Amino acid sequence: MLRFLTLIGKKGAQIIDLMMLVIDVTKGMQTQSAECLVIGQIACQKMVVVLNKIDLLPEGKRQSAIEKMTKKMQKTLENTKFSGCPIVAVAAKPGGPEAPESENPLGVSELIEVLKSQAYLPSRDPSGHFLMAVDHCFSIKGQGTVMTGTILSGSVSLGDSVEIPALKVTKRVKSMQMFHTPVTYAMQGDRVGVCVTQFDPKLLERGLICTPDSLHTIHAAIISLKKIQYFRGALQTKAKFHITVGHETVMGRVMFFSPTPANFNEEIQENVFDFEKDYLYQEEYLSKDSVPSEENKANDQAGEVPLPKQQWALLEFEKPVTCPKLCLVIGSKLDTDIHANTCRLAFHGVLLQGMEDKNYTETFLPKLKVYKQKHKEGQVERVMDDYSVIGRSLFKKETNIQIFVGLKVKLSTGEDGIIDGGFGQSGKFKIRIPDGLKPDTKMVLTAASKKKSKGGKGDMTKEDENSKNDSAQPVTVSLIFKRYVFDTQKKMIQS
């Protein structure tokens, strides 16, 4: 059976062969129309545009108004996958709902012919676990409870056991119908009514039914994702979105991450997540408008932000969801004013890994090797000897410097050093220089120390002030390390 939707909704965006986008010809594209178009680009390959309510146009100007709106729609679609798709003008119910039945529809026969020309026999696969999206549930006296919907995968036969995973209930299929015709078998893509007994229809308005034990309820997930280009503003880590997954929409918090910068251009295997690799934490989804991260600055890439071929997100749901692996995920800001001229759909992706354990933060997340790049900078205050200096401004007074002992640092003059311990109580620290200070470095630091000492005795002369202004920049100390976000021990790691 060919599946098409007249007004595509995110919850139905799982198995769509042909999309029919209905536009009020007197208003043109509205926010929701544009969002339907965006979802169509994600979930569908073919579309027909229907310009409805043409009976509301003055008869003398009707044709020119239709032609004008047709050109507008062609312009809107020219940079989408639906460029050049058929556009049909109709009035499904001339005069509105109160009009007499004698009023004949306008353009509907032409629409039927266009739909016939666009129809094709889709490829369906009856193998795998049965999964059906239920959109209506009701009881029939003397028969049982009927669940109607679309089969997303697999097949079902009379007598099969099916599970309603959200309720942890399993029932046997008593009878089935397709378009009022009794059937004994249905498969992927079919629209079917499944009748079971001893089940209260009030418990399930819409949801999923499946082969028993084939679906799992998850509390969090890892997804691969793409930002929707029409969404304004940045996608920020820790932000909350409405997450549509499976047949549910719940609130969820996101954390974005990417490959390490060295692997930005690496080809990523589709629909697979590698837990053996390291990943870089991102404060926001990386796009051409992103602000350079600390790691990019450290790599002297503070100009144009390099973009990875693939990005991921950790989704943490406010309440558990039941869904299949590799299902479509859409993130939205549905609390945005529907009348605002802005796209509420923020990103779309594929669910790669679900986390069933409600204690996933302890049992699962430590396996996820996402790290933050840390870059601290301080100054060398003075020389102790040829192989050691005193640093400052790298740590706060209350910092436990002992946990940083042994970490490598680099002086702006080129020397490599190792933090040797604290010095006093004000956050200063000792740095050991294994290969010794360069003579030029020692000279700069010694001169700076003398100048500082001289500046503390009495008033500074004009000559001293000029000398200070002409002095070289202070020698800085850089400490770079990474820390894994989900490492319970909070270890600092250097390459």
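**Close-up views of a predicted model**

**View 1. One aromatic cluster is formed by Phe257, Phe273, Phe275, Tyr279, Trp312 and Phe364.** Rings of Phe, Tyr and Trp (its six-membered ring) pair if their centres lie within 6.5 Å; planes under 30 degrees apart count as stacked, over 60 as edge-to-face and the rest as tilted. By this rule there are 15 aromatic pairs. The model is predicted: local features need pLDDT of at least 70, side-chain atom pairs count only at pLDDT 80 or more, and totals for chains, interfaces and linings use all residues. Residues are numbered from 1 along each chain as its sequence is written, and side-chain values use heavy atoms, with hydrogens and water left out.

**View 2. Phe275 and Phe364 form an edge-to-face pair, with ring centres 5.5 Å apart and planes at 80°.** Phe275 lies in the loop between β17 (248-259) and β18 (279-282), and Phe364 in the loop between α5 (360-363) and β22 (370-385), so the pair ties together parts that are 89 residues apart in sequence. Helices (H or I, at least four residues) and strands (E, at least two) are DSSP runs, numbered from the N terminus. Buried means under 20% relative accessible area, exposed over 50%, and partly exposed in between (1.4 Å probe, protein chains only). Phe364 is buried because its relative accessible area is 14%, whereas Phe275, with 21%, is partly exposed.

**View 3. Tyr279 and Trp312 make an edge-to-face aromatic pair.** The distance is 5.1 Å centre to centre, and the angle between the planes is 75°. Tyr279 belongs to strand β18 and Trp312 to strand β19 (residues 311-323); the pair links distant parts of the chain, 33 residues apart. Both Tyr279 and Trp312 are buried.

**View 4. Helix α1 (residues 31-43) has 13 residues.** From its first C-alpha to its last, α1 reaches 18 Å, close to the 18 Å expected at 1.5 Å a residue; the expected span is 1.5 Å times one less than the number of residues. The buried residues of α1 are Thr31, Ser33, Glu35, Cys36, Leu37, Val38, Ile39 and Gly40. Their cover includes β2 (18-24), β3 (47-52), α2 (62-77), β20 (328-332) and β21 (345-355).

**View 5. Strand β21 pairs with β15 and with β20.** Two strands pair if DSSP finds at least two bridges between them. Strand β15 (residues 216-227) runs antiparallel to β21 over eight bridges, and Ala221 has Gly354 in β21 as its bridge partner. Five bridges join β20 to β21, also in the antiparallel sense. Opposite Gly331 stands Phe347 in β21.

**View 6. The structure holds zero disulfides.** A disulfide is a pair of cysteine sulfur atoms within 2.5 Å. Cys323 is in no disulfide; its nearest cysteine sulfur, that of Cys327, is 4.3 Å away. Cys323 counts as buried because its relative accessibility is 6%. Cys137, at 12% relative accessibility, also counts as buried.

View 7. Of its 495 residues, 44% are buried. Contact means heavy atoms within 4.5 Å. Among contacts between residues at least 6 apart in sequence, 68% join residues at least 24 apart. The chain exposes about 26,900 Å², of which carbon and sulfur atoms supply 49%.

Key:
Areas by Shrake-Rupley, 256 points an atom, 1.4 Å probe, with all protein chains shown as cover.
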